[in-house]
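The structure under discussion is shown below.

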Amino acid sequence: MIDKLSWVTIYPEIVLLVMACIIALVDLSDTSPRRTRTYVLTLATLAVVAVLSGLQALDAKTIYGFGGMVVSDPMGNWLKCFATVALMVTLVYGRPYAADREMLRGGEMFTVSMFALLGMFVMISGSNFLLIYLGLELLTLSSYALVALRRDNAVASEAAMKYFVLGAMASGFLLYGLSMMYGATGSLDVNEVFKTIASGKVNHQVLVFGLVFIVAGLAFKVGAAPFHMWVPDVYQGAPTAITLLIGAAPELAAFAIIIRLLVDALQPLAIDWQQMLAVLAIASLLVGNLAAIAQSNLKRMLAYSTISQMGFMLLGLVAGSDQQGTYNAQYAYSASMFYIVTYVLTTLASFGIILLLAREGFESEEITDLAGLNQRSPLYAGVMAIAMFSLAGLPPLVGFYAKLAVLQALIASGHAIYIGLAVFAVMMSLIGAFYYLRVVKVMYFDAPVTATTVSAPRDVRTVLTINGALILILGIVPGGLMTLCYDAIVATLAH
């Protein structure tokens, strides 16, 4: 019999699953072009789920349920809360765009988005290899369907096919690696795997062989080089609203499973996976920043930007273990968590502007499409400039403090190789500043292509303004979010 405590761990998931089914039924009777009833009900559901997750996070308790398969801890609950808010913002920004392109006509967008979020929740809460993998597959299958939502668009269909083929290969890598770990340790439970490996009774070569496949699968999911080949094509080919959906909230879930698998389960192998992540981080920073310089398509440029940003996030995970494989990791991992949360916040704002400028029959995907935006709308040009400056890591915006936290974690280790990684990351950030500042230059100094003013629905305008303000406010006073991330990581590592 399942105890009451087990159900407590999945309250947000239960609400999400039940309401996703109800929303699918409501959408059948909603004939309005913009699916207003479905939209409002979806946002209300997500608001309730976010509050539930936030309340569980504030409770600061770690609870295991369903025989240890599910864990409810502060890190997981905060990531659920942030992922839910990110999806809410994505739907607010994306609804006008989707309605203009008849993507709401079939009614799948809201329902499939909810199931994608449910997959993220299962990934974040999983304390068992099988459960984590099931959550990952629910997310990825939903993502494939969303990318192909414009069935009459050849570019979107091509992007979905590429995403599906490469995603299936990466899922195979991850599953093979997990099966190797199961074969070596005899358990799928994260805590049991940790204890078995720590005992030193398992063949190290078999563990490292499985670890290589796990790291490769995880690298694909976050879009780290050299497993980044899907990111530019899918970002450019997918409808912009879906690009934002797969590029924001899922990154939080990917961070969670990296912590669950590499830190919670495979911590005794830190000396091995730390070196792998260091190579991935260097490759991501190099490929992402150099390739982004050559891009004229804004979505493709932001795709390569994502690759470089994930490289920075991985550096925090690298700094969490020293060369002896022992851990003093709370600050380093919390720096990575802070980085991924602030990255998602900034990504929402940048793609929000792209969605805002798009209109029926016009995608606003090229950097030149932003020409003279300051003359047409100083507010939206300001929000985009804040997002670009934050991604470049300029003070006093939150992106600067995110990069600073990761660099501090690297330097604090005292190892020459980590200090060298920090210097390399700063050099790559200087290169990256070029393509971010180029966007700002086009908005403020180039002549506008059209004289029409930029208009937006009230909900989009309000959320976009708050989004931009948060990037600035959290940059001026980052202490609260940094403390939240640190406390969450400490509570997670304690168990």
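Helix H14 comprises the 21 residues 298-318, and at 1.5 Å a residue these should span 30 Å; the end C-alpha atoms are 30 Å apart, which agrees with that expectation. The expected span is 1.5 Å times one less than the number of residues. Helices (H or I, at least four residues) and strands (E, at least two) are DSSP runs, numbered from the N terminus. The model is a predicted one, in which local features need pLDDT of at least 70 and side-chain atom pairs count only at pLDDT 80 or more, whereas totals for chains, interfaces and linings use all residues. Residues are numbered from 1 along each chain as its sequence is written, and side-chain values use heavy atoms, with hydrogens and water left out.

H14 is mostly covered, 21 of its 21 residues being buried. Here buried means under 20% relative accessible area, exposed means over 50%, and partly exposed lies in between (1.4 Å probe, protein chains only).

A search of the whole structure finds 11 salt bridges, each defined as a side-chain nitrogen of Lys or Arg within 4 Å of a carboxyl oxygen of Asp or Glu.

| Salt bridge | N to O distance |
|---|---|
| Asp73 and Arg260 | 2.9 Å |
| Arg260 and Asp264 | 3.6 Å |
| Lys195 and Glu192 | 4.0 Å |

The salt bridge between Asp73 and Arg260 links distant parts of the chain: Asp73 is in the loop between strand S2 (70-72) and helix H4 (74-100), while Arg260 is in helix H12 (residues 249-265), 187 residues apart. Both Asp73 and Arg260 are buried, and the relative accessibility of Arg260 is 2%.

Arg260 also pairs with Asp264. These two residues are four apart in helix H12, so about one helical turn separates them. Asp264 is likewise buried, at a relative accessible area of 17%. Elsewhere, salt bridges that share partners join Glu158, Lys162, Asp233 and Arg300 into one network.

The pair in helix H8 (residues 190-198) has a related spacing: Lys195 and Glu192 are three residues apart, and therefore separated by about one helical turn. Lys195 is exposed, with a relative accessible area of 52%, whereas Glu192 is partly exposed at 37%.
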